[in-house]
Amino acid sequence: MNHPTQSPTARRWSPRSLALIFLAWAILQLGGLFTPGLLDDVDSVYIQIAREMLQRHDFVTPTIDGIRFFDKPPLMYWMAAGTMHLFGIHDWAARIPLAVGVLLLLIAVYALGIRLFASVSPAAHPDRAGLYAALAMATSIGPYLYTRFYIPDILIALWMTLSVHLFLIALDRITTNPSLPNLSPTNPSAPSSTAAFGGQGGVSFAAANDRSPSWLHNSPLLPMLGFGAVLALSVLTKGLIGIVFPILFALLYLACTRQLKLLLKLQIPAAILVFAIIAAPWHILAALRNPPIAMPAGVGLPAHAGWAWFYLYNEHIARFLGKRIPHDYGQVPIPLFWALLVLWLVPWAAFLPAALRNAFRDLRNPRTSTLRFDSDPDFYPSHEANTPTDRTHEAALSLLLWAGIILGFFTLSSRQEYYHLPALPALALLVAALLAAADRRFTNSNPAAPDSTDQTRQQALRGSLYFLVPLGALLFLLCGYLCLSAHTPPPGADLNSLLSSNPALYNLSLGHVFDLTGQAMGFFRGPLLPVSLCMLFLGPIQHLIRRRGKTFAANLLVAASMTGVLLAAHEGLVRFYPILGSKQLALDIAAARQPGDLILIDGELTAGSTLLFYTGQPVLLVNGHVNGPWFGSFWPDSPHIFATDTDLHTLWNGPHRVFLLTYHPETRTPDLTPYGPVKDFAHSGGKTILTNR
């Protein structure tokens with residue numbers, strides 16, 4: 001009996017490399033599940049929505065504090081609801097899906113790196129580029145920073161990586177099997193499912209099994225079914241951009257390679273069918289359950305609006321044009337947006353300029369490139385192998401298109417600091433190709449020909465010398481100085497009292513970073529010391545090792561040093577947490593609260609949204625009828641959670657105990673004093689809980 005041979009791709013997966021990837025992921029992602037608490041704003045809002053889905057047993061219409069919330073599609077909520085159902089209502093349980101998503105992204109980048117760059121890597125380690133790309137994604141600033149709170153962008157990076165890989169596999173199967181029949185379900189020439197399984201008029205099951213490699217394994221059908229499924233998951237993660245980016249990539253790739261005619265062979269009907277089966281049900285149910293209703297006049301809304309208007313038009317088209325209602329998000333200037341791209345890829349951005357030059361060179365001169373961004377001819381069976389020129393062009397074109405589409409789209413539309421994330425895997429792969437090529441040792445048989453290994457080693461050395469060495473040395477000195485010179489805060493000191501205030505920047509995700517002052521550094525002496533030491537290893541020490549030709553050790557040292565830096569940054573976030581979240585205040589309220597007591601936030605929901613999750617109770621918003629819950633509050637069945645100053649005065653003088661979170665106790669205390677006693681219940685991070693009992 002003949003047994004199928006092992007897939008050549010599978011043989012290229014190294015247990016050692018996978019162990020290194022898993023180790024980096026476990027240290028950075030699992031280590032951050034339990035601290036700090038949820039952040040006020042989208043982090044706790046999205047996870048509270050998941051909790052309310054569990055409580056209401058309604059997984060179609062998202063709500064926050066009982067109010068309809070149509071800003072985002074449901075997959076992130078479903079995943080958090082699922083893990084909280086399994087492990088209980090805990091913040092760490094809700095974070096599990098994002099951590100798992102990061103692991104899947106690292107593996108997906110690793111796999112794509114093997115496909116594109118096996119021959120660039122050392123002959124004994126053809127997965128080296130995939131390993132470097134995965135470690136770059138695990139240890140760069142951006143991917144780590146923007147998985148500290150529950151937002152969907154890192155999952156969009158995962159879906160984009162998978163969709164690019166699946167599309168390239170499908171295209172391979174068409175171009176290497178030009179005579180393959182169209183196997184879509186609508187093609188009468190395709191073998192029917194009945195025939196394939198030995199039904200009436202068909203072949204036996206064994207015969208179909210023998211034929212399957214010729215029409216199924218080599219057909220684009222399976223990768224295109226996966227492509228459709230991934231697009232559906234992407235749409236359910238962050239909306240219509242989930243299909244815009246992959247489809248635009250596929251069309252532009254085919255146009256650039258003059259293969260648009262292959263669209264007819266790409267099993268598009270089958271992919272659309274899978275996409276519709278996965279993505280359509282929620283969209284249909286959401287529209288049916290939330291039809292248009294009458295809207296109040298004079299607030300900028302149409303006369304009638306429902307889920308479809310808000311989600312499909314307002315959240316997508318109007319946001320792209322910068323005309324979304326309400327306009328509750330910041331806008332990063334274009335120069336800063338592009339500058340942050342480099343920052344988010346630090347430290348691996350040191351090698352990005354040379355990697356981009358190599359890729360553009362391969363596009364211009366694909367037949368004469370000395371650095372082949374291609375796969376080893378032995379990597380694929382002979383009937384699947386493309387020429388080296390094809391693989392070189394495929395890698396350069398794919399990765400440049402991928403990054404260019406995403407960065408170009410957000411350059412033209414509304415943008416925030418972290419909208420680069422879906423483009424980072426493409427750039428990490430380009431960098432990884434350069435580093436893997438620099439690792440490769442061989443003797444050039446033609447002395448007159450340039451040695452690509454020597455070229456890439458020089459490029460890597462220059463990136464290390466001119467970027468990592470000065471960066472590491474500067475931060476070693478700066479962090480060391482701050483660690484030694486900063487005064488230890490006295491017992492009971494409040495970090496908030498040493499910070500500046502920049503409310504104009506708080507619409508940005510990193511707005512509070514600009515509040516830090518020299519005096520506040522005393523709170524961060526602990527994290528500053530390991531950052532200083534790790535920067536010494538990341539810069540000068542790794543460069544000395546790289547100069548000796550130990551490039552693999554140098555790159556692992558960069559990854560290990562950056563892991564230490566990110567762990568220290570996480571500890572800094574824990575210490576800064578009282579400014580960003582209200583977990584301790586919520587736990588204090590929960591411990592003292594009695595049935596009938598009321599919880600209020602002085603301002604909009606995001607000023608203290610963690611109170612909802614950690615108390616498990618609804619909150620009232622004083623002068624907070626804005627932003628997130630604003631649109632959903634117009635439904636007649638919405639709970640009355642919005643209060644005015646007059647309502648607050650009445651409640652303060654009423655029979656119930658009131659807990660009020662406020663950022664301005666100095667003005668609220670005299671305002672409430674005529675209506676009852678005002679007591680300070682708790683303080684944390686510039687927030688105060690006032691109570692009337």
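Arg258 is exposed, with a relative accessible area of 77%; exposed means over 50% relative accessible area, buried under 20% and partly exposed in between, with a 1.4 Å probe and protein chains only. Arg258 is not a glycine, yet its phi is positive, at about 55 degrees. The model is predicted: local features need pLDDT of at least 70, side-chain atom pairs count only at pLDDT 80 or more, and totals for chains, interfaces and linings use all residues. Residues are numbered from 1 along each chain as its sequence is written, and side-chain values use heavy atoms, with hydrogens and water left out.

**Overall composition**

- The protein has 25 helices and 10 strands; helices (H or I, at least four residues) and strands (E, at least two) are DSSP runs, numbered from the N terminus.
- Of its 693 residues, 54% count as buried.
- Among contacts between residues at least 6 apart in sequence, 74% join residues at least 24 apart, where contact means heavy atoms within 4.5 Å.

- Arg258 is placed in the loop between α12 (241-256) and α13 (268-289).
- His57 also is not a glycine and has a positive phi of about 55 degrees.
- The loop between α3 and β1 holds His57, which counts as exposed at 66% relative accessibility.
- Thr35 and Pro36 are joined by a cis peptide bond with omega near -15 degrees, and Pro36 is found in the loop between α2 (15-28) and α3.
- The peptide bond from Val346 to Pro347 is cis, with omega about 10 degrees; Pro347 is found in the loop between α15 (334-344) and α16 (352-364).

**Helix α3**

- Helix α3 (residues 42-56) has 15 residues, which at 1.5 Å a residue should span 21 Å, and its end C-alpha atoms are 20 Å apart, in agreement; the expected span is 1.5 Å times one less than the number of residues.
- Because 12 of the 15 residues of α3 are buried, the helix is largely enclosed by the rest of the structure.
- The buried residues of α3 include the charged side chains Asp43, Arg51 and Glu52, and among the others are Val45, Ile47, Ile49 and Leu54.
- The partners against which the buried residues of α3 pack are β1 (63-64), α4 (75-87), α5 (91-117) and α23 (610-615).

**Packing of α6 against α21**

- Helix α6 (residues 128-139) and helix α21 (residues 551-580) pack at about 20 degrees, with axes 10 Å apart; axes are lines fitted to C-alpha atoms, for helices over the stretch in contact, and angles run from 0 to 180 degrees between N-to-C directions.
- The two helices α6 and α21 are therefore roughly parallel to each other, a term for angles under 35 degrees.
- Residues of α6 that meet α21 include Leu131, Tyr132 and Leu135, and those of α21 include Phe552, Leu556 and Met562.
- By class, the contact of α6 with α21 has 9 nonpolar, 4 polar and 1 charged residues; Ala, Val, Leu, Ile, Met, Phe, Trp, Tyr, Cys and Pro count as nonpolar, Asp, Glu, Lys and Arg as charged, and the others, Gly among them, as polar.

**Surroundings of Ile67**

- Ile67 lies in strand β2 (residues 67-68) and is buried, with a relative accessible area of 0%.
- Ile67 and Ser633 are 566 residues apart in sequence, but their C-alpha atoms are 5.9 Å apart in space.
- Leaving aside neighbours within four places in sequence, Ile67 has contacts that include Pro62, Pro629, Gly632, Ser633 and Ile641.

Terms used:
Parallel < 35°, antiparallel > 145°, perpendicular 65-115°, else oblique.
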